[in-house]
Amino acid sequence: MREHLTAEGSGHTLDGNLQLRIPSRAEWVSVARLAVAGIAHRIDATIDEVEDLKLAVAEACTNCIQHAQGNEEVLVTFEISGRRITVVVEDGGKGFDGRALAPEPLGEPKVGGLGVFLIRSLMDEVDYDFDPLTGTKLTMSKMLGL
Amino acid sequence: MDIKVSVRQSDGASGPTVVDLNGEIDVYTSPKVKETISELIDQQHYRLVINLENVRYIDSTGLGVLIGGLKRVREHSGSVNLVCNNPQIRKIFDITGLVKIFGIYDDEKAACESI
């Protein structure tokens, strides 16, 4: 039987969804980072887990801002289910193929491709849904306390 | 969220150039870091120690700036050493394999002596 986290003393589960819509500009990525940090603290993530989530979410938003075309906003949805946190990042523009950005194993110093590599390293599951008409949807999840 | 960047010379003219960074390095702030490093290299500073002791966060764009700087100084037989004692930041260099490319030290003295 799965135990659900509860707000302190309230008996209420913390399962649920939250959404954040940020302008597709570099100066707003830190807000997405702060948001996921706040959510992660709320569900008792460790410091390491908080830092992993911050970086993964920021990298996903950065990819949307740098590679997608024609998008004015980035939509970030946080889904909490027990000890699992799932984050969906959508650019709503012409998108970019995240699979194409996935890097080869590192050897020589390279400037590009590190963001996707970090996301895949820090999160348990990562899935790209790319559609040139509706944009890119990145779904990533992490089980806390592993 | 911002980044403060300052430059000084270690041990007078003979020592490496030290770049102190204080804050968070991300897609918004990394251009400022890139500009400083590029200017130093343009001024023929090819031995750089980049002090990350007061950096609380770095992402791939920040790593890209450091890699770009390293590539440029290597063209002049130079090198870049990093000072990093934050375990979360260090972990990112470990994951990406950049520990094999940069000299990474716990304190500035060691980073300056080893360059």
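Two residues are in contact here if their C-beta atoms, placed from the backbone, lie within 7 Å. By that rule, among contacts in chain A between residues at least 6 apart in sequence, 63% join residues at least 24 apart.

The model is predicted: local features need pLDDT of at least 70, side-chain atom pairs count only at pLDDT 80 or more, and totals for chains, interfaces and linings use all residues. Residues are numbered from 1 along each chain as its sequence is written, while chains are lettered from A and ligands numbered from 1 in the order in which they are written.

**Stop 1: chain A as a whole**

Select chain A and colour by secondary structure. Helices (H or I, at least four residues) and strands (E, at least two) are DSSP runs, numbered from the N terminus. Chain A has four helices and five strands, and along the sequence they follow the pattern β-α-α-β-β-α-α-β-β. Of its 146 residues, 37% count as buried (20 or more other C-beta atoms within 10 Å of the residue's own; 12 or fewer is exposed, in between is partly exposed; C-beta atoms are placed from the backbone).

**Stop 2: the sheet of chain A**

Select the five strands of chain A. They form an open sheet in the order β1-β2-β3-β5-β4, with antiparallel pairing; two strands pair if DSSP finds at least two bridges between them. β1 (16-23) and β4 of chain A stand at the edges with a single partner strand each, so one side of each has no neighbour in the sheet. From one strand to the next the twist averages 15 degrees. Angles run from 0 to 180 degrees between N-to-C directions, and axes are lines fitted to C-alpha atoms, for helices over the stretch in contact.

Next, select residues 73-81 and 84-90 of chain A. These are β2(A) and β3(A), which run antiparallel and are joined by seven bridges. Show E79(A): T86(A) in β3(A) stands opposite.

Then move to residues 125-131 and 135-143 of chain A. Here β4(A) and β5(A) pair in the antiparallel sense over seven bridges. A hairpin of three residues joins them. Within the pair, Y128(A) stands opposite L138(A).

**Stop 3: helices of chain A**

Select α1(A) and α2(A). Their axes are 8 Å apart and the packing angle is about 150 degrees. The two helices are therefore roughly antiparallel (angles over 145 degrees; under 35 counts as roughly parallel, 65 to 115 as roughly perpendicular and the rest as oblique). From α1(A), the contact uses V29(A), A32(A), R33(A), V36(A), A37(A), A40(A) and H41(A). From α2(A), the residues include L53(A), V57(A), C61(A) and I65(A). In all, the contact of α1(A) with α2(A) divides into 11 nonpolar, two polar and three charged residues (Ala, Val, Leu, Ile, Met, Phe, Trp, Tyr, Cys and Pro are nonpolar; Asp, Glu, Lys and Arg charged; the others, Gly among them, polar).

Now select α4(A). Seven of its nine residues are buried: L114(A), G115(A), V116(A), F117(A), L118(A), I119(A) and L122(A).

**Stop 4: where the chains meet**

Show both chains. The contact takes 19 residues from chain A and 18 residues from chain B. On the chain A side, α1 (29-42), α2 (47-67) and α4 (114-122) each supply at least two residues. Which helix gives the most to this side? α2(A) does, with six residues. By class, the side of chain A that touches chain B has 11 nonpolar, four polar and four charged residues.

**Stop 5: chain B**

Select the strands of chain B. Five of them form an open sheet in the order β1-β2-β3-β4-β5, with mixed pairing. At the edges stand β1 (3-9) and β5 (103-105) of chain B, each with a single partner strand. Neighbouring strands are turned by 20 degrees against each other on average, direction ignored.

Pick residues 17-25 and 47-58 of chain B: β2(B) and β3(B) run parallel, joined by eight bridges. G23(B) has V55(B) in β3(B) as its bridge partner.

Finish with α2(B), residues 60-74. Its axis and that of α1(B) come within 9 Å and cross at roughly 10 degrees, and the two helices are therefore roughly parallel. Among the residues that meet are V33(B) and I37(B) in α1(B), and V65(B) and G69(B) in α2(B). The contact of α1(B) with α2(B) divides into five nonpolar, five polar and two charged residues.
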